[in-house]
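Hi everyone, thanks for making time.

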Amino acid sequence: MGVYSKLLLYTVSLSLILVLVYTVYFIKYNDVLQQLTGPATTVKVSLGLQTQDQLTINQDTQQQPLLTTNGYISYQPPGNGWNNQRIVIEMALLFAKILNRTLIVHPISSHSLGEKMERELPPNNRFGYITYNKMAASTLMPLSNVLDLKLMSKLVPVTEINSSHSQFIQNYFSQDTKWRHICHSLGYGYWLDRRPLNQAEVGLLTKQIYTSRKDWRDKCKEEQAEFVLQHEKPIIRYVSDLANDSSDVIYFIEGCLFGIELRFMEYRKALQAREWIKEYVHYKSTYHQLADAVRTKLGSYNALHVRRIKHISGSLTAGHWILEMLNNDFTRDTPIYVATDETNLKWFEPLTEAGFKLYFASNFTDFIDLSHVHKRMRKDVMGMYEQIVCIRAELFLPSPHSTFSNYIMRERGETDSKNGFNYILHHASWAGDNI
Ligand SMILES: Nc1nc2c(ncn2[C@@H]2O[C@H](COP(=O)(O)OP(=O)(O)O)[C@@H](O)[C@H]2O)c(=O)[nH]1
Ligand SMILES: [Mg+2]
């Protein structure tokens, strides 16, 4: 081989190696590259978080142009049970969508660990969000392990935080970033999507019914004076007032997005908000595993959610559940899946003695492997699987006042009562329903 041929061969080989190295590098760091080229650069500021703390879930850049957003929306997670945390995420998603901001989501925490930590706090400081802030990242679970964030990011750009909340807060305080803190509680009022535009809408506004939740007044204390000054008339805050807010981050403090009501002036907008939640907040497909196994093993089945521990439904007797089942067409020859937080399954013996065939998560342990889940999170995660079992049952009976049950009912397509506390199933409602 001549000198020139050798040189040509070397050059071609070198180019091939360079292309290979670049491809490997590109695949490996694609996330980081996307983060640099994604919404984080289209918003006004970068939060400057470390890449290991933050994961940006971008839209599919091939199919859709990147959204340009006005900044970020985030929230103090409320701690407590998973469904309390889910509701906060859903509300933050609506705010992000309406205000065209990027949503920053946080990991989820264990209910039982939160309760244990709460007992160690002074009695006047026992809030889920305070325990949440004390939790190490190792006990928290990334939200992307639970919800399909790729799907959610088709509605708004989503940035996922995987650090502890105190780390997140520490990072942002070190940044030269403008934050707006908001606290608004159902104890003092509600949210409306915008201010009235005409007389008819002013009329609609003045007729609004609002029942203050006194038990929510331990949050957003600074609203108290305003509430008293306006003779306990509800404080209405308007989402549209935030549209021109120049803050880089709008942050809901004290876990206050839990329990809020967001009312819409127009019916079609309320419906749309509900559709956004229905379409873009989904469990990851793996969470259907238990429901598939239950269906294969039991065929057609009915389901109960029996909430027992430290909950108002815990006072319901076994006799109550038997009566409820009889009054709601549950038959003795249709198997019944019981989702419950009760660990003493002997409690259900009267139901079995009454002739009902009951099945529990413990009958399906072969189908679910939770060994990779933090011990403290296992009950919460099992509950997620069980919610889907209940959603897919023929008939379902809920525990009253449980956000766990309410989610199941909402996903089964049940509707709210017209008046009263219709935020129970849907936190987004139409102002016309509230008169
Ligand atoms: N595995 C399982 N856990 C449950 C069940 N019901 C309640 N839990 C546990 O109790 C917590 C309930 O909190 P949450 O989901 O906010 O619902 P709520 O308190 O009933 O409104 C969950 O996070 C679970 O840890 C259930 O049927 N199965
Ligand atoms: Mg709860």
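Predicted model: local features only at pLDDT ≥ 70, side-chain atom pairs only at ≥ 80, totals over all residues.

The angle between H12 and H15 is about 45 degrees, and their axes are 7 Å apart. If you're wondering about the hand of the crossing, it is right-handed for H12 and H15. On the H12 side, the contact uses Gln289, Leu290, Ala291 and Val294, and H15 brings in Tyr385, Glu386, Ile388 and Val389. Sorted by class, that makes six nonpolar residues, one polar and one charged.

Let me step back for a second to the whole chain.

Which residues does H15 use to meet H16? From H15 we have Gly383, Gln387, Cys390 and Ile391, and from H16 there are Phe404, Tyr407, Ile408 and Glu411. By class, the contact of H15 with H16 counts five nonpolar, two polar and one charged residues. The two stretches to look for are 378-391 for H15 and 403-411 for H16, whose axes come within 9 Å and cross at roughly 40 degrees. With that angle, H15 is oblique to H16. The crossing of H15 and H16 is right-handed.

One residue in H15 is worth a stop, and that's Glu386. Is Glu386 buried or exposed? Buried, because it has 27 C-beta neighbours inside 10 Å, and the cut-off for buried is 20 or more. If you skip the neighbours within four places in sequence, Glu386 is in contact with Leu290, Ala339 and Ala361.

Next, the sheets. Strands of a sheet pair through backbone hydrogen bonds, either parallel or antiparallel. Take the open sheet of four strands with the order S12-S11-S10-S13, where the pairing is parallel. Its edge strands are S12, at 358-359, and S13, at 396-397, each pairing on one side only. Inside that order, S10 and S11 pair in the parallel sense over five bridges, with S11 covering residues 336-340. To find one of those spots on screen, look for Leu304, whose bridge partner in S11 is Val338.

There's another open sheet of four strands, in the order S7-S6-S9-S14, with parallel pairing too. Here S7 and S14 are the edge strands, each pairing on one side only. Direction ignored, neighbouring strands in this sheet are turned by 35 degrees against each other on average. S9 and S14 run parallel and are joined by three bridges. Who is the bridge partner of Phe264 in S14? That would be Trp430. And H11, residues 267-280, packs on the sheet, touching S9 and S14, with its direction at about 160 degrees to that of S14.

Let's stay with Phe264, which sits in strand S9, residues 262-264. Phe264 counts as buried because 25 C-beta neighbours lie inside 10 Å. Leaving out residues up to four places away in sequence, Phe264 touches Asp193, Lys269, Ala270, Ala273, Ala428, Trp430 and Ala431. Tyr238 is 26 residues from Phe264 along the chain, and their C-alpha atoms are separated by 9.9 Å.

Last stop, the loops. Where is Glu232? In the loop between H10, at 223-229, and S7, at 235-238. Glu232 is exposed, because 12 C-beta neighbours lie inside 10 Å, and 12 or fewer is the cut-off for that. Lys310 has a positive phi as well, near 45 degrees, and Lys310 isn't a glycine either. You'll find Lys310 in the loop between S10, at 302-306, and H13, at 318-327. With 9 C-beta neighbours inside 10 Å, Lys310 counts as exposed.

Note on methods
Residues numbered from 1 in each chain as written. Chains lettered and ligands numbered in written order. Axes fitted to C-alpha atoms, helices over the stretch in contact; angles between N-to-C directions. Parallel < 35°, antiparallel > 145°, perpendicular 65-115°, else oblique. Left-handed = near helix turned anticlockwise from the far one by under 90°. Contact = placed C-beta atoms within 7 Å. Nonpolar A, V, L, I, M, F, W, Y, C, P; charged D, E, K, R; others polar. Pairing = 2+ DSSP bridges.
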